[in-house]
Amino acid sequence: MSRIHSSGTKPEIRLRRALWHLGFRYRVNDPRLPGKPDIVFGRYRTVVFVHGCFWHGHQGCSLYTVPKTNVEFWVSKVERNKVRDSAVWRRLEALGWKVVVVWECQLKKAVFEETVLRVKDEIVSGGKEYRERIALARQLREKSRKEQAERKARNKYFSQEIKAKYSR
Ligand SMILES: [Zn+2]
């Protein structure tokens with residue numbers, strides 16, 4: 001269990017290094033965010049979790065095999081982790097973060113490069129999505145400000161009209 005919040009397994013460190021070489025800068029295990037994400041790309045509003053396939057229950061993965069003894073114990077333990085993971089993802093998403101999950105099996109040598117490229121794309125598109133969301137929110141705010149100003153101007157005009165009409 002201590003693995004989950006440790007400061008990084010070897011494959012995780014390799015992933016971080018590869019992303020650093022691609023020019024990405026990040027914080028590690030940021031305690032200010034829900035779930036203390038493993039790697040945080042603030043500029044891109046994207047977080048990466050590197051998950052152990054067993055502890056986090058990677059469905060259909062060969063690394064996720066439940067031990068033959070104490071099956072119920074292991075299954076319920078992994079299920080609890082999965083429930084907690086998805087609660088954390090929802091909280092992060094509600095705060096406007098994009099969540100990327102990298103499974104430990106995706107960091108094996110044969111598929112490592114491919115995973116790095118996928119994560120890179122996700123980080124960049126996370127930044128793009130975030131900027132688009134921010135721009136949309138700004139547009140909506142400006143639109144409502146404009147409408148409010150127009151309403152005010154209209155009301156002023158009518159009240160002047162009424163005044164003019166009845167003050168004669
Ligand atoms: Zn896996």
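Modeller: Helix H2 lies largely in the open, since 1 of its 24 residues is buried. A residue is termed buried if 20 or more other C-beta atoms, placed from the backbone, lie within 10 Å of its own, exposed if 12 or fewer do, and partly exposed in between. The model is a predicted one, in which local features require pLDDT of at least 70 and side-chain atom pairs count only at pLDDT 80 or more, while totals for chains, interfaces and linings use all residues. Residue numbers start from 1 along each chain as its sequence is written. Helices (H or I, at least four residues) and strands (E, at least two) are DSSP runs numbered from the N terminus.

H2 covers residues 71-94. Its end C-alpha atoms are 35 Å apart, which agrees with the 34 Å that its 24 residues should span at 1.5 Å a residue; the expected span is 1.5 Å times one less than the number of residues. Just after H2, glycine 96 adopts a positive phi of about 90 degrees.

The loop between E3 and H2 contains glycine 57. Glycine 57 counts as buried, because it has 20 C-beta neighbours inside 10 Å. Apart from neighbours within four places in sequence, its contacts are Tyr64, Val78, Asn81 and Lys82, a contact being two C-beta atoms, placed from the backbone, within 7 Å. Glycine 57 is also 9.6 Å from lysine 77, C-alpha to C-alpha, although 20 residues separate the two in sequence.

H2 belongs, with E3 and E4, to a right-handed β-α-β unit. The crossover is called right-handed if, with the strands pointing away from the viewer, the path from the first strand over the helix to the second runs clockwise. E3 and E4 run parallel and are joined by 6 bridges, with histidine 51 having tryptophan 103 of E4 as its bridge partner.

This pair is part of an open, mixed sheet of 4 strands in the order E1-E2-E3-E4, where two strands pair if DSSP finds at least two bridges between them. E1 and E4 are the edge strands, each pairing on one side only. E2 and E3, in contrast, run antiparallel with 3 bridges between them, and valine 40 has valine 47 of E3 as its bridge partner. In the loop between E1 and E2, asparagine 29 and lysine 36 both deserve mention. Phi is near 50 degrees at asparagine 29, a positive value in a residue other than glycine, and near 40 degrees at lysine 36, again positive in a residue other than glycine. Asparagine 29 is partly exposed, with 15 other C-beta atoms within 10 Å; lysine 36 is partly exposed as well, with 16.

In soluble globular proteins, nonpolar side chains tend to be buried together. Here the largest nonpolar core has 18 residues, and those with the most contacts inside it are Ile39, Phe41, Val47, Val48, Val99, Val102 and Val119. Such a core is a set of buried Ala, Val, Leu, Ile, Met, Phe, Trp, Tyr and Cys residues joined through C-beta atoms within 7 Å. E2, E3, E4 and H3 each give two or more residues to this core, and E3 provides the largest share, 4 residues.

Helix H3 also lies largely in the open, as 4 of its 58 residues are buried. From first C-alpha to last it reaches 85 Å, close to the expected 86 Å. Its buried residues are Val116, Val119, Ile123 and Gly126, and their cover includes H1, E2, E3 and E4. Beyond four places in sequence, valine 119 is in contact with Leu19, Val48, Val100 and Val102.

The remaining helix is H1, whose buried residues are Pro11, Glu12 and Leu15. They lie on the same side of H1, because they cover an arc of only 105 degrees around the axis, the arc being taken from the directions from the helix axis to the C-beta atoms. Their cover includes E3, E4 and H3. The opposite face, turned away from the buried side, carries the exposed residues Lys10, Arg17, Trp20 and His21.
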